[in-house]
Each structure stands twice: as C-alpha cells, then as structure tokens.
Amino acid sequence: MANIHSSPHPLVAHKLTLLRDKRTEPKKFRELIREMAALLAYEATADLVLQAKQVETPLAETTGSELKEKIGLVPILRAGLGMVEGIWNLMPSAEVWHIGLYRDERTLKPVEYYNKLPVEPTIALCLILDPMLATGGSAVATVDVLKRWGVHKIKFVGILGAPEGLALMEKQHPEVPIHLAAVDERLNERGYILPGLGDAGDRQFGTG
Ligand code: PRP
Ligand code: URA
C-alpha cells in the first residue's frame with residue numbers, strides 16, 4: 001500500500017521489541033512510547049514546508065528557515081496521550097487537540113466521548129497520534145472528524161498497524177500517510193493485533 005511507511009530505523013526496531021515484551025513495566029513502557037513517537041514523528045515530518053527567515057548570528061546576517069504551517073497534534077485518548085510529549089518537545093509551537101474515542105468491546109466500533117475542537121480549524125497540518133491501528137475504526141473516525149473540522153493535510157503516526165485496519169484506511173482515506181514502527185500479521189478474534197504488544201492504554205496506565 002502506497003501511503004504506509006514502516007520505519008526502517010534500527011533504534012525503532014530495538015525499542016519496539018522492548019515494548020512488545022510482556023515483562024516491560026508501565027514506567028518503561030511509557031518511556032519507550034515517548035521515545036518511539038519522537039523518532040516516528042521525525043520521519044513523518046521530513047516534508048514539512050519551510051519559509052525563509054532572516055537571522056542575525058553573532059557575526060553576520062543570513063537567511064535561515066522556519067516552519068510555514070501551523071501543526072496540530074491530535075492524540076486519540078487514552079493511548080495516544082503517551083505519544084504527545086516526545087513529539088511536542090520537537091515542535092513546541094504545535095497545538096494539541098484531544099479526541100476521545102474508545103472501542104466498544106463487543107462491536108469493535110469506535111465510540112466518540114470527547115471533542116472540544118473549536119468551530120474553525122486553527123491548524124494547517126494534523127498529526128493523529130495513536131499507538132495502535134487495529135480494525136482501523138478509530139483512525140478512520142478521527143480523520144472523519146478532522147476533515148469535517150476543515151483540516152485537509154492529515155497524517156497518522158502510530159506504533160503498530162494490522163493489515164485489516166490499513167486496508168480500511170486505504171479505502172476510506174487513501175491520501176492520509178500512515179507512519180508506523182511496524183505492520184504486524186493480523187487481528188485475533190477480539191480485534192487485538194498479533195503478535196502486537198497487548199492493550200496499549202492498559203500497559204501505559206497500569207490498568208486492566
Ligand atoms: C485502542 C487504541 C486505538 C484503538 C484501535 O484504544 O489506542 O484507539 O483501540 O483499535 P481500532 O483500530 O480497532 O479502532 P481503546 O479503545 O482500547 O481505548 P483506550 O486507549 O482508552 O484504552
Ligand atoms: N488496541 C490495543 O491497545 N491493542 C490492540 O492490539 C488492538 C487495539
């Protein structure tokens with residue numbers, strides 16, 4: 001699939017293995033999510049648009065660059081929260097807008113419970129943050145919300161994707177690039193990614 005980018009970076013592969021390990025405790029798990037999010041966002045933002053900016057060094061004036069477009073980080077609650085800090089440190093002027101969605105355990109369909117987006121879009125480019133893209137329902141619903149809000153440049157940054165969810169995104173929102181640490185094999189009968197890393201929300205927050 002053309003718009004899916006699986007990170008080729010050895011640091012990402014190394015950290016992903018630690019993240020998958022069921023013995024990894026919540027504190028370490030959160031640290032890994034934070035670090036991997038920054039590495040993946042670095043890759044996902046390689047095509048950000050720049051504009052010229054004059055700057056005076058201690059020795060001379062020269063022409064530098066600054067980011068042209070306002071960026072928004074959109075974590076999907078809860079598990080996306082852990083991806084914010086590492087990326088925000090790289091782009092401190094980004095806005096952060098939270099979207100609350102949970103997956104109904106029976107239907108596996110996303111249920112929206114929090115959205116405080118203002119009427120007019122305030123950003124030009126949105127990075128949706130969620131470690132897990134399983135059936136793809138949550139990712140598709142979030143892109144729907146952002147498009148209705150009026151944002152047209154949207155990227156998804158996650159840790160793991162399943163072929164089923166990637167196919168749904170390809171069908172519903174083919175223009176949205178998806179940046180992941182890896183694409184796993186498949187979903188199990190409860191909609192969990194295999195081999196996966198378990199429940200990304202529970203493992204970060206010590207619940208479940
Ligand atoms: C998880 C995950 C995604 C969603 C992915 O959230 O963080 O948001 O499931 O599944 P999907 O691709 O099938 O929609 P969950 O519903 O477990 O909520 P939580 O983050 O609050 O634990
Ligand atoms: N959500 C998770 O946290 N993990 C999965 O494997 C699938 C959905």
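Which space is taken by ligand 1? The space taken by ligand 1 is the largest pocket. A pocket is defined on a 1 Å grid over the protein atoms alone, as an open set of points with protein on both sides within 12 Å along at least five of seven lines. The structure is a predicted model, in which local features need pLDDT of at least 70 and side-chain atom pairs count only at pLDDT 80 or more, while totals for chains, interfaces and linings use all residues. Residues are numbered from 1 along each chain as its sequence is written, chains are lettered from A and ligands numbered from 1 in the order in which they are written, and side-chain values use heavy atoms, with hydrogens and water left out.

The shell of ligand 1 was examined next. Around ligand 1 there are 14 residues, of which R103, D130, A134, T135 and S138 come nearest. A residue counts as near if one of its heavy atoms lies within 4 Å of the molecule. By class, six residues of this shell are nonpolar, five polar and three charged. In this scheme Ala, Val, Leu, Ile, Met, Phe, Trp, Tyr, Cys and Pro are nonpolar, Asp, Glu, Lys and Arg are charged, and the others, Gly among them, are polar.

Polar contacts are pairs of N or O atoms within 3.5 Å; within protein, one must be able to donate a hydrogen and the other to accept it, and residues adjacent in sequence count only if both atoms are side-chain atoms. An N or O atom in the side chain of R78 is 2.9 Å from an oxygen atom of ligand 1. R103 places a backbone N or O atom 2.8 Å from an oxygen atom of ligand 1. For D130, a polar side-chain atom lies 2.5 Å from a ligand 1 oxygen atom. On its own, ligand 1 has 500 Å² of accessible area, and the protein covers 90% of it. Accessible areas come from the Shrake-Rupley method with a 1.4 Å probe; for residues, only the protein chains shown count as cover. Two or more residues of the ligand 1 shell come from each of β6 (99-103), β9 and α4 (137-149). Helices (H or I, at least four residues) and strands (E, at least two) are DSSP runs, numbered from the N terminus.

Ligand 2 also sits in the largest pocket. A molecule sits in a pocket if more than half of its atoms lie within 2 Å of its grid points. The residues around ligand 2 are R103, M132, A134, G191, Y192, I193, G198, D199 and A200. They divide into five nonpolar, two polar and two charged. I193 has a backbone N or O atom 2.8 Å from an oxygen atom of ligand 2. A polar backbone atom of A200 is 2.8 Å from a ligand 2 oxygen atom. G198 has a backbone N or O atom 2.8 Å from a nitrogen atom of ligand 2. The protein buries 88% of the 240 Å² that ligand 2 exposes when taken alone.

Strand pairing was then traced. Two strands pair if DSSP finds at least two bridges between them. An open sheet of three strands has the order β9-β11-β13, with parallel pairing. β9 (132-133) and β13 (182-183) stand at the edges with a single partner strand each, so one side of each is left without a neighbour in the sheet. β11 (residues 160-161) pairs with β13 in the parallel sense over two bridges. L160 has A182 as its bridge partner in β13.

β6 also takes part in pairing. Two bridges join β6 to β4, and the two strands run parallel. L77 has G100 as its bridge partner in β6. β6 pairs with β7 in the antiparallel sense over five bridges. Here the bridge partner of G100 is Y114 in β7. The hairpin of β6 and β7 has six residues between the strands, and L108 takes a positive phi near 65 degrees there. Strands β2 (residues 50-56) and β3 (residues 61-67) pair in the antiparallel sense over seven bridges. A hairpin of four residues joins β2 to β3.

R78 lies in the loop between β4 (71-77) and α3 (84-90). P195 is found in the loop between β15 (193-194) and α6 (200-205).

Key: 1 Å grid on protein atoms, 1.4 Å probe; cavity = no way out; pocket = protein on both sides within 12 Å on 5 of 7 lines; lining within 4 Å.
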